[in-house]
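Here is a short report on a helical packing question. Please keep the model open while reading.

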Amino acid sequence: MLRSYLRLTLFALGLLIGIQVPGFIQAYAQHVEARRLESQQALLGFQETAGRFFRGDLEALVEHYRASADPVIQSDARSVSALVERSRLLDREWRIMQGPWFARAWHVLVGADESMRAQVWRSYDFQILLAPAAVAWGLACALLLAWLVESLYLLLRQAFFPRRHAPRRRSVTPGPPRQ
């Protein structure tokens, strides 16, 4: 009976964890989009300068700054280069987050920018979504967790407490009586 309650508890825990997955993915996507828009705004002036003098090529603007003899301009080259790289990273993250659900989920799990994922995790509010995707994630995680724990339990039980089989009795088939 206790084992049945433990199974139900594990299933409920898996369900609650799984329901969080779509919410976290959505929070990550919103975070990326907000950062991307902020990055574009920060580059706007430099983009206009690159448009006027370098046919819109920000890399050419950065190289021009680096080639300058003025140390202030060279320092700006490092700053603008960092802004351009951050903008590229955010654009890449944003494009990935526009893909299918499985690509977004896999990316957030293994390929997302570590610092952004950590920021989203720190600010994430746990919630219970009743959207079909959240319910599906919840059920899938619940079943997977319950199956993994049950399998682990059975393996450990078999390893540490093997069943000893009683010796089999030989069955005697009735035959002609002995004399």
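## Cover over H6

What covers the buried residues of H6 includes helix H1 (2–53). Helices here are DSSP runs of H or I with at least four residues, and strands are E runs of at least two, numbered from the N terminus. Contact means heavy atoms within 4.5 Å. The model is predicted, so local features need pLDDT of at least 70 and side-chain atom pairs count only at pLDDT 80 or more, while totals for chains, interfaces and linings use all residues. Residues are numbered from 1 along each chain as its sequence is written, and side-chain values use heavy atoms, with hydrogens and water left out.

H6 spans residues 132–160. The helix has 29 residues and reaches 42 Å from its first C-alpha to its last, close to the 42 Å expected at 1.5 Å a residue. The expected span is 1.5 Å times one less than the number of residues. Which residues of H6 are buried? They are Ala 134, Gly 138, Ala 142 and Glu 150. Buried means under 20% relative accessible area, exposed means over 50%, and partly exposed lies in between, with a 1.4 Å probe and protein chains only.

## Helix H1 and its bend

H1 has 52 residues. Its first and last C-alpha atoms are 75 Å apart, close to the 76 Å expected at 1.5 Å a residue. The helix bends by about 50° at Leu 44. The bend at a residue is the angle between axes fitted to the seven residues ending there and the seven starting there.

Gln 20 lies in H1. Its relative accessible area is 13%, so Gln 20 is buried. Leaving aside neighbours within four places in sequence, Gln 20 is in contact with Tyr 124, Phe 126, Gln 127 and Ile 128.

Arg 55 is not a glycine, yet has a positive phi of about 50°. Is this residue buried or exposed? Arg 55 counts as exposed because its relative accessibility is 86%.

Asp 125 belongs to the loop between helix H5 (114–123) and H6. Asp 125 counts as exposed, at 58% relative accessibility. Asp 125 and Thr 49 are 76 residues apart in sequence. In space they are 41 Å apart, C-alpha to C-alpha.

## Helix H3

H3 covers residues 71–96. This helix has 26 residues and reaches 38 Å from its first C-alpha to its last, close to the 38 Å expected at 1.5 Å a residue. Its buried residues are Ala 77, Val 80, Ser 81, Val 84, Ser 87, Leu 90 and Glu 93. What covers them includes H1, H2, H4 and H5.

Two packed helices are described by the angle between their axes and the distance between the axes. Axes are lines fitted to C-alpha atoms, for helices over the stretch in contact, and angles run from 0 to 180 degrees between N-to-C directions. H3 and H4 (residues 101–111) pack at about 140°, with their axes 9 Å apart. That makes H3 oblique to H4. Angles under 35 degrees count as roughly parallel, over 145 as roughly antiparallel, 65 to 115 as roughly perpendicular and the rest as oblique. Arg 92, Glu 93 and Ile 96 in H3 meet Arg 104, His 107 and Gly 111 in H4. By class, this contact has one nonpolar, two polar and three charged residues. Ala, Val, Leu, Ile, Met, Phe, Trp, Tyr, Cys and Pro count as nonpolar, Asp, Glu, Lys and Arg as charged, and the others, Gly among them, as polar.

How do H1 and H4 cross, and at what angle? Their axes come within 10 Å and cross at roughly 80°. That makes H1 roughly perpendicular to H4. Phe 24, Ile 25 and Tyr 28 in H1 meet Arg 104, Ala 105, His 107 and Val 108 in H4. The residues of this contact divide into five nonpolar, one polar and one charged.

## Two residues of H4

His 107 is found in H4. At a relative accessible area of 7%, His 107 is buried. Not counting residues up to four places away in sequence, His 107 touches Tyr 28, Arg 92, Glu 93, Ile 96, Met 97 and Ala 112.

Trp 106 is also placed in H4. Trp 106 is exposed, with a relative accessible area of 58%. Trp 106 and Gln 74 are 32 residues apart in sequence and 40 Å apart in space, C-alpha to C-alpha.
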